[in-house]
Amino acid sequence: MSKVGSLGYLRLGVSSLQAWDEFAGGVLGFENAGVNSAGETMLRIDAHRARFYLHEDPVDDVTGIGWEARNPIDFAALVSKLRDAGVKVEQGRAADIEARNVLDLAKFTDPHGVACELYYGPTQLFEQPFKSPIGVASFVTGPLGLGHVVLQTDDVKKSVGFYTELLGFELSDYIHIGMLQSTLPFLHCNARHHTLAFGPFPAPKRLLHFMVQVESMDDVMKTFYSGRKRGVPIASDVGKHTNDHMVSCYFTSPSGFEVEYGFGAREIHEGWEVQRHDAPSIWGHHRNFPPQA
């Protein structure tokens, strides 16, 4: 069955490119890769030409999610499946394809208005190795993709149905959040424990947080203390999650949504059984203030 292979890139509309340049490079360790043909600032975390595309926009939110298909066959099959289900799919213009550094793409919107771009054939720059400005050794990407995103939705069931039935995601597990009186679903499309999750949070933004994973615990802790020293708001202290066992911390980005920075998550394996958890963390992740997203 054709399915999305991974989370490929994020397009973010931000009110201050300068603040993001300082945050992404000086705190998170992302590499500024210049400006694309559409005037967007590109950020690298691996061999891909870009994993993040930033443009000035007071919305301070996600403006596009790039879902990677593994090959042109899967790409065509997913486009057909979306159209057969009545989803409006727009073929990407040549200018969009060039700006996103891919071979082909198509645009659609999910049930709650999140702009999505399905694509295949990302540009790889193996001849220009990723260089973190703060010395992060490497991020865990490859077939697992960029990381994960957690989105705000008013109808969790509808969102899960759309992504599982039309894009091939599968359930990993659920976490019950008592203060929300809601059970949040976590979905995977490859071996990463979850690439996508939803929550009915009382939040003004569609993007609650995105996660990037590093190869060492040292990089998590160095980044945590560096961010604190720089005065970056720490949304959650270091802790370990119940579902993916990720050890991570959360920063509040200049746009208000959060960035999870983690290490050591377990992966989906053959025979995985869907689970339920009654707490988000085994230890830590003390919230320093209410969610900003």
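How many cavities of 30 Å³ or more does a search of the whole structure find? The search finds two, a cavity being a set of points on a 1 Å grid over the protein atoms alone where a 1.4 Å probe fits but cannot get out. The model is predicted, so local features need pLDDT of at least 70 and side-chain atom pairs count only at pLDDT 80 or more, while totals for chains, interfaces and linings use all residues. Residues are numbered from 1 along each chain as its sequence is written, and side-chain values use heavy atoms, with hydrogens and water left out.

The largest cavity holds about 50 Å³ of space, a volume being the space filled by probe spheres set on grid points joined across faces, edges and corners. Its lining residues (an atom within 4 Å of a point) include Y9, H48, R49, R100 and Y119. The second largest cavity holds about 40 Å³, and R192, H193, R266 and E267 are among the residues that line it.

E117 is found in strand β8, residues 115-120, strands being DSSP runs (E) of at least two residues, numbered from the N terminus. E117 counts as buried because its relative accessibility is 4%, under the 20% limit on relative accessible area (1.4 Å probe, protein chains only).

Technical notes:
Helix = DSSP H or I, 4+ residues; strand = E, 2+ residues; numbered from the N terminus. Buried < 20%, exposed > 50% of the residue type's maximum accessible area, 1.4 Å probe, protein only. 1 Å grid on protein atoms, 1.4 Å probe; cavity = no way out; pocket = protein on both sides within 12 Å on 5 of 7 lines; lining within 4 Å.
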